[in-house]
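Student: Could we go through the charged side chains of this model together, with the cut-offs stated as we go?

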Amino acid sequence: MEDFNTYNRAWIKRALNPNTPTTVARETVRTSSTEYNGKEILFPTIRLVDGKLKKFSRKDAFRIAVEKKDFISFNTPKEATAYSKGLSGMINMARNKNKSMLSKDN
């Protein structure tokens, strides 16, 4: 992985926030990866648009990520997949922990 400060991506911060909406499928983030300029890049296929989460086709999500330079680079597809799975687990734990803490305050 080239960029060690990957958690500063807006789409990752948004997904970690328990107040962010989810899709009908209760997703906060979904990623895909592909080869780009000799690297495997991981990018979001769900983005926040006008306050709502929107699913993009893989092709459109790739185009947006490249335009915004909003992706994470890896050396191999295996590394990108492992990171994506770890990120999903971390987001799930963080959102559940935050929801649990919020419910205790009520």
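This is a predicted model: local features need pLDDT of at least 70, side-chain atom pairs count only at pLDDT 80 or more; totals for chains, interfaces and linings use all residues.

Student: Which residues are linked with Arg 30 in a network of salt bridges?

Tutor: Arg 30 counts as partly exposed because its relative accessibility is 44%, whereas Glu 27, at 11%, counts as buried (buried means under 20% relative accessible area, exposed over 50%, partly exposed in between, with a 1.4 Å probe and protein chains only). The network that holds Arg 30 also links Glu 27 and Lys 55.

Student: How many residues apart in sequence are the parts that Arg 47 and Asp 70 tie together?

Tutor: Arg 47 forms a salt bridge with Asp 70, with 2.8 Å between the closest N and O atoms. Arg 47 lies in strand β3 (residues 46-49) and Asp 70 in the loop between α2 and β5 (72-74), so the parts tied together are separated in sequence by 23 residues. Helices (H or I, at least four residues) and strands (E, at least two) are DSSP runs, numbered from the N terminus.

Student: What separates Asp 60 and Arg 63 in helix α2?

Tutor: The closest N and O atoms of the salt bridge between Asp 60 and Arg 63 are 3.9 Å apart. Asp 60 is partly exposed, with a relative accessible area of 31%, and Arg 63 is partly exposed at 40%. Because the two are three residues apart in helix α2, what separates them is about one helical turn.

Student: Which side chain of opposite charge is nearest to Arg 14?

Tutor: Arg 14 lies in helix α1 (residues 10-16), and its contacts (heavy atoms within 4.5 Å) beyond four places in sequence include Thr 20, Ile 46 and Arg 95. Lys and Arg count as positive and Asp and Glu as negative, with His and the chain ends not counted. Arg 14 is buried yet has no salt bridge, and the nearest side chain of opposite charge, 8.5 Å away, is Asp 70.

Key. Residues are numbered from 1 along each chain as its sequence is written. Side-chain values use heavy atoms; hydrogens and water are left out. A salt bridge is a side-chain nitrogen of Lys or Arg within 4 Å of a carboxyl oxygen of Asp or Glu.
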